[in-house]
Amino acid sequence: MSDAHGTPDHRTQATPAGPQPEPLRFFGTTWVDHSRGYAVRRLGVAVGSLAAAAAACFVLRFAYQGLQIAAVGGFVSLLVVVMFAVCSALAFGHTWSSFSTRPDPDRQSSLRGLLSIGFVGSLLAYFFRSLTEAPGEKLHRAEYEQARQEYDRRITRRSGNPARKRRRHDA
């Protein structure tokens with residue numbers, strides 16, 4: 001491509017043939033070859049998710065203090081604490097498993113409320129996973145490598161133009 005003056009446009013790059021890697025949140029496609037600041041991004045995700053989890057716990061502490069000031073009683077306070085703990089544990093488990101297998105969309109939509117309440121667990125799952133890899137990298141890498149292998153098998157099976165193929169004459 002070129003502009004009106006005939007100079008080539010270097011903004012568009014040729015994409016290689018075959019399947020393309022799916023971008024990850026905060027990482028784009030840097031997870032493929034760990035380039036363009038991948039380590040810094042992982043560090044940023046780890047620090048950011050831990051800071052967000054700490055801030056969320058701080059906000060939840062204010063909510064708990066509000067319950068204490070309102071004098072709703074020990075039973076209600078206990079129920080609220082147990083609810084947040086259970087929802088956070090379930091959200092952690094769900095988020096952690098979604099890094100290795102694709103979640104079912106119907107189940108995901110039915111758990112949306114629970115995941116919203118247990119957001120601290122999801123943030124902690126992001127933190128712990130980002131210590132070893134980009135969250136979801138293992139799943140995306142396996143899917144991408146499988147798609148590349150299937151594509152390579154399809155391409156290598158084709159050997160030229162079938163119209164130019166010589167016919168055998170048995171005689």
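**Pocket and helix packing**

Mentor: The largest pocket holds about 500 Å³ of space. The model is predicted, so local features need pLDDT of at least 70 and side-chain atom pairs count only at pLDDT 80 or more, while totals for chains, interfaces and linings use all residues. Residues are numbered from 1 along each chain as its sequence is written, and side-chain values use heavy atoms, with hydrogens and water left out.

Trainee: Which residues are the closest to the centre of the largest pocket?

Mentor: On a 1 Å grid over the protein atoms alone, a pocket is an open set of points where a 1.4 Å probe fits, with protein on both sides within 12 Å along at least five of seven lines; lining residues have an atom within 4 Å of a point. Of the 18 lining residues, the closest to the centre are Arg25, Ser98, Phe99, Pro103 and Tyr126.

Trainee: Which helix gives the most to the lining of the largest pocket?

Mentor: Helices are DSSP runs (H or I, at least four residues), numbered from the N terminus. H2 (74–98), H5 (119–130) and H6 (137–157) each supply at least two lining residues. With 3 residues, the one that gives the most is H2.

Trainee: How are H1 and H5 oriented to each other?

Mentor: Axes are lines fitted to C-alpha atoms over the stretch in contact, and angles run from 0 to 180 degrees between N-to-C directions. H1 (residues 38–70) packs with H5 at about 155 degrees, the axes being 8 Å apart. Angles under 35 degrees count as roughly parallel, over 145 as roughly antiparallel, 65 to 115 as roughly perpendicular and the rest as oblique. H1 and H5 are therefore roughly antiparallel.

Trainee: How many residues of the contact of H1 with H5 are nonpolar?

Mentor: Contact means heavy atoms within 4.5 Å; among those making it are Val45, Leu50 and Ala53 of H1 and Leu123, Tyr126 and Phe127 of H5. Ala, Val, Leu, Ile, Met, Phe, Trp, Tyr, Cys and Pro count as nonpolar, Asp, Glu, Lys and Arg as charged, and the others, Gly among them, as polar. The contact has 1 charged and 2 polar residues, and the nonpolar ones number 14.

Trainee: Is H2 oblique or roughly parallel to H5?

Mentor: The axes of H2 and H5 come within 7 Å and cross at roughly 40 degrees. That angle makes H2, relative to H5, oblique.

Trainee: Which residues of H2 meet H1?

Mentor: The axes of H1 and H2 come within 10 Å and cross at roughly 165 degrees, so the two helices are roughly antiparallel. From H1, the contact takes Leu60, Tyr64, Leu67 and Gln68. Their partners in H2 are Ser77, Val80, Val81 and Phe84.

Terms used. Grid points are joined across faces, edges and corners, and a volume is the space filled by probe spheres set on the points.
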